[in-house]
Amino acid sequence: MIKVYAVFSNRRTMEILGFSVLAAATVLSIIFPDDPRTLIPFPRITVPLINGICTMLCIPLIINPGYSFLEITVLFVQSISTVMAGNEILGAFLYSAMVIILFCGGMFKEHGGGKILILILAWNCILPGVIPYGPARVITAYIVSFFMTVFYACTYEKLKVMLIQLLPPQHKSDAISFPAPGRELNLSKYGLSERQIKFTLEYLKGRINYRFLSKKYYVSVSTVKKDMAAVFRIFGVSDREELHIFLLQYVVRE
């Protein structure tokens, strides 16, 4: 309970800070109107209105930090308006923050490549909003976006390696050799049936409910349990939690 409370407490703090920043941005956009070159129509009215609406949307997020869809909506809208208002670097940060939240929420566990492509195309549709500010700003916007993409990707890979090293050691079958941590692990090489491979991959996607697997693959719950028990024996683990920790060390393939 302490850990759960800490997570929500930290997230609520972030929402409160976000509310404060947006409230300040709303006031500043009224006192200091945006550059008239912006593609946003009637910027003296539209920009404060957008900031004000997003500020109000932060209130339910402070009350309940679990509204991820609302959080993503605010970041997406703000990234667009911020770029068009001529603050492309801040807009790139807000957009990348949205992508990180989607990533942490498991958005890319399935069809990740296609979803990432959609996000890249969406961002490339937003960036032309800097055109009225001149070609140098457009080039800067693309360079900054590329840098942020590479930076976050490299940081993720580095953190993944560090976190793998912090995982508790898991018992493995002495009769079977496994690749070094971080390498590919092909499930088909370890005597798993086609159904056991599917169950294991579903489990890695977060679908750990035996009843869900039984309904999806038209088998009994007892069959799912029997197949998973066989998987535990093959990998030398005692339960689903140990299996998850063990497989996190590898890039799992069929």
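Reply: Let us begin with confidence: pLDDT is the predictor's confidence in each residue, from 0 to 100. The model is a predicted one, and in the chain this confidence is lowest in helix α1 (residues 2–31), with a mean of 74, and highest in helix α3 (residues 68–84), with 91. The mean over the chain is 82, and 88% of its residues reach 70 or more.

Me: Where does pLDDT stay under 50?

Reply: That is the case over residues 1–8, for which the model has two contacts beyond four places in sequence.

Me: Why is Gln 196 called buried?

Reply: Its relative accessible area is 10%, and buried means under 20%, so Gln 196 counts as buried. Gln 196 sits in helix α7 (residues 194–204), and, leaving aside neighbours within four places in sequence, it is in contact with Gly 191, Asp 227, Ala 230 and Val 231.

Me: What makes α7 roughly perpendicular to α9?

Reply: The axes of α7 and helix α9 (residues 221–235) come within 10 Å and cross at roughly 85°; angles of 65 to 115 degrees count as roughly perpendicular, and therefore α7 is described as roughly perpendicular to α9. On the α7 side the contact is made by Arg 195, Gln 196, Phe 199 and Thr 200, and on the α9 side by Thr 223, Val 224, Asp 227, Met 228, Ala 230 and Val 231. Sorted by class, this contact has five nonpolar, three polar and two charged residues.

Terms used: Residues are numbered from 1 along each chain as its sequence is written. This is a predicted model: local features need pLDDT of at least 70, side-chain atom pairs count only at pLDDT 80 or more; totals for chains, interfaces and linings use all residues. Side-chain values use heavy atoms; hydrogens and water are left out. Helices (H or I, at least four residues) and strands (E, at least two) are DSSP runs, numbered from the N terminus. Buried means under 20% relative accessible area, exposed over 50%, partly exposed in between (1.4 Å probe, protein chains only). Contact means heavy atoms within 4.5 Å. Axes are lines fitted to C-alpha atoms, for helices over the stretch in contact, and angles run from 0 to 180 degrees between N-to-C directions. Angles under 35 degrees count as roughly parallel, over 145 as roughly antiparallel, 65 to 115 as roughly perpendicular and the rest as oblique. Ala, Val, Leu, Ile, Met, Phe, Trp, Tyr, Cys and Pro count as nonpolar, Asp, Glu, Lys and Arg as charged, and the others, Gly among them, as polar.
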